[in-house]
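Let's take a walk through this structure together. Have a look at the fold below, and then we'll go through some of its parts.

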Amino acid sequence: MRPLTHPSIDDVSVEAILHALSDPVRVAIYAELADSGCAQTCSTFLTIKDRDIPKSTLSQHFRVLREAGLIHSERQGVEMRNTSRCAEIEQRFPGLIGAIMNAHKVQSAERAKAARRRTSSR
């Protein structure tokens, strides 16, 4: 197996973070990891927002998050354990992750509200 590469915190850039979190599935994965406070396996995220995510696609999402410096992944047997690097990123870019996660929560709530309105109007 290839070793996993993680950028040092000094190599993490705002552009890489914004790119990684520009995908709705990746930002949902990261939000759950950041909120959980403990390591999560990749299989925890096979369903995101009522959508099934193929394992190969999920692997790509985790790779992008890892290469952007947002998560730390560690192999344990056949599983991959993932943790957020929120504290490190907060030290490097104060307030950035909090602002992005807050915007994600607001947007998710608005989308859920709009979906309920569409469902109830049918």
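**A walk through the chain**

Let's start with Q40, which counts as buried at 18% relative accessibility (buried means under 20% relative accessible area, exposed over 50%, and partly exposed in between, with a 1.4 Å probe and protein chains only). Keep in mind that this is a predicted model, where local features need pLDDT of at least 70, side-chain atom pairs count only at pLDDT 80 or more, and totals for chains, interfaces and linings use all residues. Residues are numbered from 1 along each chain as its sequence is written, and side-chain values use heavy atoms, with hydrogens and water left out.

You'll find Q40 in strand 1, residues 40-41 (helices, H or I with at least four residues, and strands, E with at least two, are DSSP runs numbered from the N terminus). Q40 touches L33, F45, M80, R81 and N82, leaving aside residues up to four places away in sequence (contact means heavy atoms within 4.5 Å).

Now step back to the whole chain. It has 5 helices and 5 strands, and along the sequence they follow the pattern α-α-β-β-β-α-β-β-α-α. The C-alpha atoms fill a box of roughly 50 × 35 × 25 Å along the principal axes. Of the 122 residues, 33% count as buried. Among contacts with a separation of 6 or more, 68% are between residues 24 or more positions apart.

How do the helices meet? Two packed helices are described by the angle between their axes and the distance between the axes. Take helix 2 (residues 24-36) and helix 3 (residues 55-67): their axes come within 10 Å and cross at roughly 70°. Here axes are lines fitted to C-alpha atoms, for helices over the stretch in contact, and angles run from 0 to 180 degrees between N-to-C directions. That makes helix 2 roughly perpendicular to helix 3 (angles under 35 degrees count as roughly parallel, over 145 as roughly antiparallel, 65 to 115 as roughly perpendicular and the rest as oblique). On the helix 2 side, the contact is made by V25, R26, I29, Y30 and L33, and on the helix 3 side by L58, H61, F62, V64 and L65.

Helix 2 also meets helix 5 (residues 96-120), with axes that come within 11 Å and cross at roughly 115°. In this contact, V27, A28, Y30, A31 and D35 of helix 2 meet I97, M101, H104 and K105 of helix 5.

Next comes L70, in the loop between helix 3 and strand 4 (71-76). Is L70 buried or exposed? At 0% relative accessibility, L70 counts as buried. Not counting residues up to four places away in sequence, L70 touches I17, A20, L21, Y30, L65, T83, S84, R85, I89 and I97. From L70 to E88 is 18 residues in sequence and 9.1 Å in space, C-alpha to C-alpha.

Last, the cysteines. How many disulfides does the structure hold? There are 0 (a disulfide is a pair of cysteine sulfur atoms within 2.5 Å). For C42, the closest cysteine sulfur is in C38, 14 Å away and too far for a bond. C86 is in no disulfide either, with the nearest cysteine sulfur, that of C38, 13 Å away. C42 is partly exposed, at a relative accessible area of 21%, and C86 is partly exposed at 22%.
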